[in-house]
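User: Please take a close look at one residue and its surroundings. Then set it against the rest of the chain, with the cut-offs behind each term.

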Amino acid sequence: MKKEYVTFRIYAALFLTVFLVTVIQNVRAKDLQNNDIFAELKNLDREAFRESVVRLQDSLSRLSDVNNRRYYLNQLFDITAQKDEIAHIRLLVWKATASDSAYASFFNEAYRLAEKYNRIDDMCLVEYTRGRFYIARKQYDIAMMHILQYRDLTPESDKGEGYRNIINMLGDIYYYAGLNKKAQEIYEGLYQMYIEEDTWDFYRPYVMMNNLGQIALRTGNPDAALNWFKKSLATAEAHLHTSYRNNTMAYTKIKMAETLLKTNNRGNAEKLLEEVAASPQETIQEDVRQEYLYVKAQLVLMQQKFDEAQKLAELLTPGDTLRFASYRFIPEVYKLQAEINYQKGNYQKALEYTELYNEISDSTKDQENGARSMIILADKNHEKTRLELQKTRHRMFNLLLGGLFLCIVFLVILFYNRKLYRSKLELMKNSIKKASEVESSKKMALYNCKDSKHQENFIREKQLIKDLKELMDKEKLFLDPKINIQQLAEKLSSNRTYLSQAINNQLNSNFPHFINEYRIIEAIKLITSGYTANHTQDALAKQSGFANRTVFISAFKKYTGVLPSFFIANYKKENAKNMTLGKSEVE
């Protein structure tokens, strides 16, 4: 009981600290707004202006409130766009990383400006950030091309951190693509450089040790992983004295705790996590806080503290309020949510999270497999380039061949993706047309029976179907998720068997398909009337009569051939395009 009380106090202190830091930073943000934080830029020019922009951007990037951060950085983006193209380069790079769709154009514009003014450092910044950006999105083949471009921009004489940064990023590509042996060779080589130089007051050697620990953990060797993490922690404790000391040590302790959980050593894992919770939270970065929450959730789940695990998992799950700039445990947190709900006995909820996890992870695996194949194929051409940068000219031919091949593969993939996209658009248009035809043909006769032997039965069935459709159109019973064939039969003064037979004979269908067709047509009407502009897919599903979003998605895909998300997004585009064309014709 005492231990649980101490744990509770540590948790309370942790969340209170995070809350206070957030409040203080938001108050500072409001103070900055009141004092016009951009006033000092108005009277500055050239280098003074650029230096001030760098300092201001760095300061604004530390705001914990994501909305405030984006608001001010967007203002700074507009100011630099109007006043100084060189200062604007850094803001374009930020805009690219913060954009959901137009990131490529922002990166390209930033590189164009850096090239225009022959700013080699800024060109390196663009390619470095681009490489990290595509690695985070598991597009390793594209990331490799930008890292190699970054390598080409690095002077041959530079064998310092610029060179090591390139090698480090190549190792990251191999690691994230699952090529563990290649990644391990690179990390061990870099780590050996720091041993030879006896340089430990810098972040990279600890990154290398922790990366080697993660490879050991990934490949099923928890003892080796634990040794690497212990070595990293002990070395940092003795030699690391920079501003990121606490963050580095906190991350290492979290990875040690994760490793201990793999061997069921919960007691020591809990102690390490308590130490992390007791660290000054203003020194802990966002990604490390997410690591802490994820491992802590695993621990309390193993301790069967289901409600606490649920709360921690919810913090890692995207919601209405932005807690983090990006969520690094998607889709893994859905798998965790499924396990928590399963152990709590919420089997339906567990199934929903499992389906969500599988949907995202299957898509990610396909993307990773394609990228991994390209990396393996390009590896032979790039291996010597990675090891002997001083022979760049000699290896450029091989590099160009590899790049050309990747471009061809990319264009082929793009072609087939475009073809698939067009076929889906056609399905979407056909679905709208089909829904419209069903609406307009509700009063038309269905069949002309020529078999006199069954004429009387046919007429009764036809009348019953007519009454059924009138009932559905008038009372919209399909909007009730619990409606069943027995209830409909009673309303029509018939019986379940006869109504089912009539649906089969007259409509060549069955009851679930019949009722879902009405619901899907209702959903399409809602979409085309603009309902989804202000409502979620969950709301659309319920408004159309479906019990839940999962059943809705399955039925919609079966009826239309495309997912609701694709239909909604592309109907907006097609509708906007048609409106634009209509205006042009009028003009």
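Analyst: Histidine 146 sits in helix H8, which spans residues 140-153; helices (H or I, at least four residues) and strands (E, at least two) are DSSP runs, numbered from the N terminus. The model is predicted, so local features need pLDDT of at least 70 and side-chain atom pairs count only at pLDDT 80 or more, while totals for chains, interfaces and linings use all residues. Residues are numbered from 1 along each chain as its sequence is written, and side-chain values use heavy atoms, with hydrogens and water left out.

Histidine 146 counts as buried because its relative accessibility is 15%; buried means under 20% relative accessible area, exposed over 50%, and partly exposed in between (1.4 Å probe, protein chains only). Setting aside residues up to four places away in sequence, histidine 146 touches Glu127, Arg130, Gly131 and Tyr134, where contact means heavy atoms within 4.5 Å. With arginine 130, the histidine 146 side chain makes a polar contact of 3.3 Å. A polar contact is a pair of N or O atoms within 3.5 Å; within protein, one must be able to donate a hydrogen and the other to accept it, and residues adjacent in sequence count only if both atoms are side-chain atoms.

Helix H7 (residues 120-136) also holds arginine 132. Arginine 132 and aspartate 172 meet through their side chains in a salt bridge of 2.6 Å, N to O; a salt bridge is a side-chain nitrogen of Lys or Arg within 4 Å of a carboxyl oxygen of Asp or Glu. Since aspartate 172 lies in helix H9 (residues 161-176), the pair ties together parts that are 40 residues apart in sequence. Arginine 132 is partly exposed at 28% relative accessibility, whereas aspartate 172 is buried at 7%. Aspartate 122 forms a salt bridge with arginine 119, with the closest N and O atoms 3.1 Å apart. Here aspartate 122 is buried at 10% relative accessibility and arginine 119 is partly exposed at 30%.

The whole structure has 17 salt bridges. In one of them, arginine 69 pairs with glutamate 286, with 3.9 Å between the closest N and O atoms. Arginine 69 lies in helix H4 (residues 66-83) and glutamate 286 in helix H15, so this pair ties together parts that are 217 residues apart in sequence. Both arginine 69 and glutamate 286 are buried. Helix H15 also contains glutamate 291, which is buried with a relative accessible area of 5%. The side chains of glutamate 291 and arginine 328 are joined by a polar contact of 2.7 Å. Salt bridges link Lys255, Glu258, Glu291 and Arg328 in a network. The C-alpha atoms of glutamate 291 and lysine 255 are 8.4 Å apart, although the two residues are 36 residues apart along the chain.

For the chain as a whole, the secondary structure comes to 26 helices and zero strands. Of its 587 residues, 42% count as buried. Among contacts with a separation of 6 or more, 61% are between residues 24 or more positions apart.
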